[in-house]
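Look over the sequence and the model first.

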Amino acid sequence: MTYTHVPENLLAFFRDNRRFLIVGHKEPDGDCIGSQLALSHFLSRIGKESFLYSDGPFARTELRPYEDYFRRNIDVSIASPGTVWVIIDCSTRQRIGAFESKIGGLPVAIIDHHDSGSASGDVVFLEPTAPASTLLVQSIIETMVGSVDQAEAEYLLFGLCTDTGFFRHLNEGSGPAFEAAGRLADAGASPKRTHQLIYGGKSLNSRLLMGTILARSESYFGGRLLLSTETLEDSVKFGLESRDSDMLYQLLLSVEGCEAIAMIRQESENNCTVGLRSRSAVDVGAIAAAFGGGGHKQAAGIYVEGKIDGIKRRLLDGFSRVM
Ligand SMILES: [Mn+2]
């Protein structure tokens, strides 16, 4: 199966029900938000009612323009007949945050591209080969009515470009994703506007913070590991909303010879978070797991008690076994 083939029972789910409660994962990203917005817009277009939910927070600056479309609380009578849930961009219920306890006994459809191994819904469209959930939503719309409209195209391109890093993360064999993007551009989505939306709009403080952190970078294991830190003083001076982790990781990983990066942030007097990224071979998920953190081979995170210097020593010890 490919993500262009929508399960028949999902099409029936949309045709036969009347009111759709659409929720994505907490700590939403552009794929989650774009998929939800496009699906909701489409459902209105075919005469259905829909409500958008998110547990937030809308921490990423590119999501701020959309925050007001999303409700934090259920304020419709969810008992009425024909009301169903759609969970997008995650397949385990704890990822939807506070809404997990509000599903009740209503039917649930899951639309996701993460392979969590435990998707539980009455109808499941789970396609781990899809680089973004937006591609699944696009397939649903195109299968049901032939084509997306301009608003849907813009939402979908926003999500697709978020999850693919503007197509940088795609490998050979990704023709279908480019073809889908081509149809979005034909329908009126602008790659130029989308790029500005995702990568523009940053504060000067966010660039100054990045400069501070980059200037503090240390090189280990012959340059294969780059490590930097963010102190409590940085957070006070530049503000937490100035963090732009994706861009910071991208800049550090672009250094020649760099295989992995570690970013230690002092979050409070006694606690740190650590962001880990790997270019390919180094399994940072395994290193995070040794600290009680989580993630996967190329991206992982840790929340740990301690101060930067102590955590740095322990991390370097962990990396010394694999570098
Ligand atoms: Mn996604």
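## Two cavities

A search of the whole structure finds two cavities of 30 Å³ or more. On a 1 Å grid over the protein atoms alone, a cavity is a set of points where a 1.4 Å probe fits but cannot get out, and lining residues have an atom within 4 Å of a point. Grid points are joined across faces, edges and corners, and a volume is the space filled by probe spheres set on the points. Rolling a probe the size of a water molecule over the atoms shows where empty space is left.

This is a predicted model: local features need pLDDT of at least 70, side-chain atom pairs count only at pLDDT 80 or more, and totals for chains, interfaces and linings use all residues. Residues are numbered from 1 along each chain as its sequence is written, and side-chain values use heavy atoms, with hydrogens and water left out.

## The largest cavity and S242

The largest cavity holds about 50 Å³ of space. Its lining includes S206, L209, S242 and R265. Helix α7 (204–215) and helix α9 each supply at least two lining residues. The largest share, four residues, comes from α7. Helices here are DSSP runs (H or I, at least four residues), strands are too (E, at least two), and both are numbered from the N terminus. By class, the lining has four nonpolar, three polar and four charged residues. Ala, Val, Leu, Ile, Met, Phe, Trp, Tyr, Cys and Pro count as nonpolar, Asp, Glu, Lys and Arg as charged, and the others, Gly among them, as polar.

Where does S242 sit? S242 is in the loop between α8 (232–238) and α9 (245–253). Its relative accessible area is 2%, so S242 is buried. Buried means under 20%, exposed over 50%, and partly exposed in between (1.4 Å probe, protein chains only). Setting aside residues up to four places away in sequence, S242 touches S203, N205, S206 and L209. Contact means heavy atoms within 4.5 Å.

## The second largest cavity

The second largest cavity has a volume of about 40 Å³. Helix α3 gives the most, with four residues. Among the lining residues are Y3, L135, P176 and R183.

## The manganese site

Which residues hold the manganese ion's protein donors? They are D31 (OD), D89 (OD), H113 (NE2) and D163 (OD), lying 2.1 to 2.3 Å from the ion. Donors are N, O and S atoms within 2.8 Å of the metal (3.2 Å for Na, K and Ca); water is not among the atoms, so sites may look incomplete.

H113 and D163 link distant parts of the chain, 50 residues apart. H113 is in the loop between β4 (108–112) and β5 (123–126), while D163 is in helix α4 (residues 150–163). H113 counts as buried because its relative accessibility is 10%. D163, at 22%, counts as partly exposed.

## R277 in its strand

R277 is found in strand β9 (residues 271–278). With a relative accessible area of 23%, R277 is partly exposed. R277 and A260 are 17 residues apart in sequence, yet 5.6 Å apart in space, C-alpha to C-alpha. Leaving aside neighbours within four places in sequence, the contacts of R277 include Y249, A260, V284 and Q298.

Key:
1 Å grid on protein atoms, 1.4 Å probe; cavity = no way out; pocket = protein on both sides within 12 Å on 5 of 7 lines; lining within 4 Å.
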